[in-house]
Amino acid sequence: AGGEAIVDGHDITDEPAVDALVSSVIAKWGRIDILINNAGILRDKSFAKMETDDFRKVLEVHLMGSVNCTKAVWPHMAEAGYGRILMTSSSSGIYGNFGQTNYAGAKAGIPGMVRTWAMELKKAGIPANAVIPVAATAMTATVPYFAAAVEAEEKGEAMPDFFRHDLGFGTSDDVSGLIAYLASDAASAVT
């Protein structure tokens, strides 16, 4: 419980802006302990109708944005011999989802990056992990299939059983417990 964080709304595809953010964290606290790469966007359309720019932008935010953020914190964590890198992927990256070729491709790349980073950071004692939640969020609210579940969550009502039990669709509280664990010292050997 407790703690402080910086939330920043800059475009994470802007590498100098990310570097400036990390510099502000280091200036304020002298270190950076946890990075959660969770930024994301959707540009859903069937592949035949999708503009290449929309495809590229989704890849840039999810993959290169995560690369920029991780690259910026990596030397600080390695020097300190401490840190946690966490990323969110999506079931769309495993199973696909109609109209989400760009998103599925981006999210499929995250586990591979994280596994590689975990290998490369092991010597420094820094675990890297990815979670693949299916949860009610502002982003899943834009997917018509999940609208009823997200609406129920926002109203504080129980989700329809099909979503919760058959699909494993959760809440942000379900996911936050896992993230808190992976960011803790108890998970120092978990990758």
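Residues are numbered from 1 along each chain as its sequence is written, and side-chain values use heavy atoms, with hydrogens and water left out. In this predicted model, local features need pLDDT of at least 70 and side-chain atom pairs count only at pLDDT 80 or more, while totals for chains, interfaces and linings use all residues.

**Sheet and covering helices**

Helices (H or I, at least four residues) and strands (E, at least two) are DSSP runs numbered from the N terminus. Three strands form an open sheet in the order S1-S2-S3, with parallel pairing; two strands pair if DSSP finds at least two bridges between them. S1 and strand S3 (128–131) are the edge strands, each pairing on one side only. On average, neighbouring strands of this sheet are turned by 15° against each other, direction ignored. Strand S2 (residues 84–88) runs parallel to S3 and is joined to S3 by four bridges. Isoleucine 85 has alanine 128 in S3 as its bridge partner.

Two helices lie across the strands. Angles run from 0 to 180 degrees between N-to-C directions, and axes are lines fitted to C-alpha atoms, for helices over the stretch in contact. Contact means heavy atoms within 4.5 Å. H4 lies across S2 and S3 and runs at about 165° to S2. H7 lies across S1, S2 and S3, at about 155° to S2.

**Packing of H1 and H2**

Helix H1 (residues 15–29) packs with helix H2 (residues 52–80) at an angle of about 35°, their axes being 9 Å apart. The crossing of H1 past H2 is right-handed, a term for the near helix being turned clockwise from the far one by less than a right angle. From H1, Glu15, Val18, Asp19, Val22 and Ile26 meet Asn68, Cys69, Ala72, Val73 and His76 of H2. The residues of this contact comprise six nonpolar, two polar and two charged. Ala, Val, Leu, Ile, Met, Phe, Trp, Tyr, Cys and Pro count as nonpolar, Asp, Glu, Lys and Arg as charged, and the others, Gly among them, as polar.

**Pockets**

On a 1 Å grid over the protein atoms alone, probed at 1.4 Å, a pocket is an open set of points with protein on both sides within 12 Å along at least five of seven lines; lining residues have an atom within 4 Å of a point. Grid points are joined across faces, edges and corners, and a volume is the space filled by probe spheres set on the points.

| Pocket | Volume | Lining classes |
|---|---|---|
| Largest | about 1100 Å³ | 21 nonpolar, six polar, six charged residues |

The largest pocket has 33 lining residues, with Ala5, Ile6, Ile34, Leu35 and Ile36 nearest its centre. H1 gives the most to this lining, six residues. The second largest pocket is lined by 34 residues, and Asn38, Ser89, Pro133, Ala135 and Thr137 lie nearest its centre. H7 supplies the largest share of that lining, six residues.
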